[in-house]
Amino acid sequence: MTAPLVTPGAEVPPLERTIDLRAMVAYAGATWDWHRLHYDPDYLASRGLPAPVVDGQVFGALLAEQLQDWLGPGAFVRRLHFRFKNLVFAGETVRCVGRVSAVEGDVVHVEQRVLVVGGDQAERVAVEPAGAEVVLRGEAP
């Protein structure tokens, strides 16, 4: 698979995921992050939180996945940055969006953000600013 032609202003295909409690527990096991904020209803209630909070590292993984899905196996995410704006709770759906801000040779600069979508609440920003520097290396071996 070759990477798509990328030019400044090009939109990155969105990546959408609903993050349920089962996925959160699996992620906690993979990353050894067992903080009660991510699963304990009594702990959450005592802090006035309506549901388990999605681990922030998940958003880095989703932003990288969005880029890899788009650019293919020959792309290498060299740098990734993101800042949290709002909590995301178990059962909510997030959408990663982005656009190409610059292309310098085989390096693509992308601006991204993560939105919480769907449900009965207005869309809100979960992660912004965010972005990446991706090196295009051609086809994977």
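V25, with a relative accessibility of 39%, counts as partly exposed (buried is under 20% relative accessible area, exposed is over 50%, and partly exposed is in between, using a 1.4 Å probe and protein chains only). What you're looking at is a predicted model, where local features need pLDDT of at least 70, side-chain atom pairs count only at pLDDT 80 or more, and totals for chains, interfaces and linings use all residues. Residues are numbered from 1 along each chain as its sequence is written, and side-chain values use heavy atoms, with hydrogens and water left out.

View A. L21, V25, W32, W34 and Y39 make up a nonpolar surface patch of about 570 Å². Patch residues have over 30% relative accessible area and no salt bridge; like charges are joined within 9 Å, and nonpolar side chains (Val, Leu, Ile, Met, Phe, Trp, Tyr) within 5 Å. Areas are Shrake-Rupley values with a 1.4 Å probe, and for residues only the protein chains shown count as cover. V25 sits in helix 1 (residues 21–31); helices (H or I, at least four residues) and strands (E, at least two) are DSSP runs numbered from the N terminus.

**View C. E65 meets R17.** Their side chains form a salt bridge at 2.2 Å, N to O (the cut-off: a Lys or Arg side-chain nitrogen within 4 Å of an Asp or Glu carboxyl oxygen). E65 is in helix 3 and R17 in strand 1 (residues 11–18), so the pair ties together parts 48 residues apart in sequence. E65 is partly exposed at 26%, and R17 is partly exposed at 32%.

**View D. R79 meets E133.** Here the salt bridge is 3.0 Å, N to O, linking strand 2 (residues 75–84) to strand 5 across 54 residues. R79 is exposed at 53%, while E133 is buried at 11%. R78 joins R79 and E133 in a salt-bridge network.
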